[in-house]
Amino acid sequence: MLQTSTTADVARRMTDALVAKNLPGVLATMAHDIVLRIPGTRPLAGEFHGHQGILDFTRRSREVTDDGEHIQIIDILGGQDYAAVFMRLNATRGGRKLDDPTIHLLRIKDGKIAEYNLSPWDQRGTDAFWS
């Protein structure tokens with residue numbers, strides 16, 4: 001019997017790797033042509049395409065924080081084509097602190113994350129931290 005992953009399973013594998021800072025594990029859950037969308041006005045806002053785009057976004061995020069991002073997964077919800085991840089992201093940057101409850105909406109296609117959309121709770125505060 002063929003076993004298939006649910007959207008929540010894919011999201012859980014990605015978040016487990018993300019929390020563990022296992023970038024190859026994160027990329028393994030993503031389609032090669034993934035689109036990551038970061039909202040807002042901060043320098044890292046916009047679209048990032050493919051695995052190289054994910055790597056570039058991750059590198060640039062780490063460069064501007066004191067010791068990277070720290071993630072706590074609160075909940076994962078799965079539907080037919082989408083999964084939603086409710087997480088809290090914490091980071092420090094030059095004496096400023098970010099405590100950002102965020103929804104990450106993932107579109108899953110053929111068992112891989114095809115689209116990754118972030119939605120911060122406090123967009124203005126998030127933009128101010130990253131700017």
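This is a predicted model: local features need pLDDT of at least 70, side-chain atom pairs count only at pLDDT 80 or more; totals for chains, interfaces and linings use all residues.
Modeller: Residues are numbered from 1 along each chain as its sequence is written, and side-chain values use heavy atoms, with hydrogens and water left out.

Biologist: Why is Y116 called buried?

Modeller: Buried means under 20% relative accessible area, exposed over 50%, and partly exposed in between, with a 1.4 Å probe and protein chains only. Y116 has a relative accessibility of 6%, and therefore counts as buried. Its place is in strand β6; strands (E, at least two residues) and helices (H or I, at least four) are DSSP runs, numbered from the N terminus.

Biologist: Which residues is Y116 in contact with, leaving aside its neighbours within four places in sequence?

Modeller: Contact means heavy atoms within 4.5 Å. Among the partners of Y116 are M14, L18, M30, I34 and H104.

Biologist: What makes A28, K21 and D110 exposed or partly exposed?

Modeller: A28, in helix α2, counts as partly exposed because its relative accessibility is 45%. K21, in the loop between α1 and α2, is partly exposed at 44%. D110, in the loop between β5 and β6, has 75% and therefore counts as exposed.

Biologist: How do you know that the span of helix α1 is close to the expected one?

Modeller: The expected span of a helix is 1.5 Å times one less than its number of residues. Helix α1 (residues 7-19) has 13 residues and reaches 18 Å from its first C-alpha to its last, close to the 18 Å expected. Helix α3, with 15 residues, reaches 22 Å, close to the 21 Å expected.

Biologist: Why are the buried residues of α3 said to lie on the same side?

Modeller: The buried residues of α3 are G50, H51, G53, I54, F57, T58 and S61. They cover an arc of only 165° around the axis, which puts them on the same side of α3; the arc is that of the directions from the helix axis to the C-beta atoms. On the other side of α3, Q52 and E63 are exposed. What covers the buried residues of α3 includes α2, β1, β2 and α4.

Biologist: What makes a space a pocket, and how much space lies in the largest pocket?

Modeller: On a 1 Å grid over the protein atoms alone, a pocket is an open set of points with protein on both sides within 12 Å along at least five of seven lines, whereas a cavity is a set where a 1.4 Å probe fits but cannot get out. The largest pocket holds about 520 Å³ of space, a volume being the space filled by probe spheres set on the points.

Biologist: Which residues line the largest pocket?

Modeller: Lining residues have an atom within 4 Å of a point. The largest pocket is lined by 31 residues, of which L18, F57, T58, E69 and I71 lie nearest its centre. Helix α3 gives the most to the lining, with five residues.
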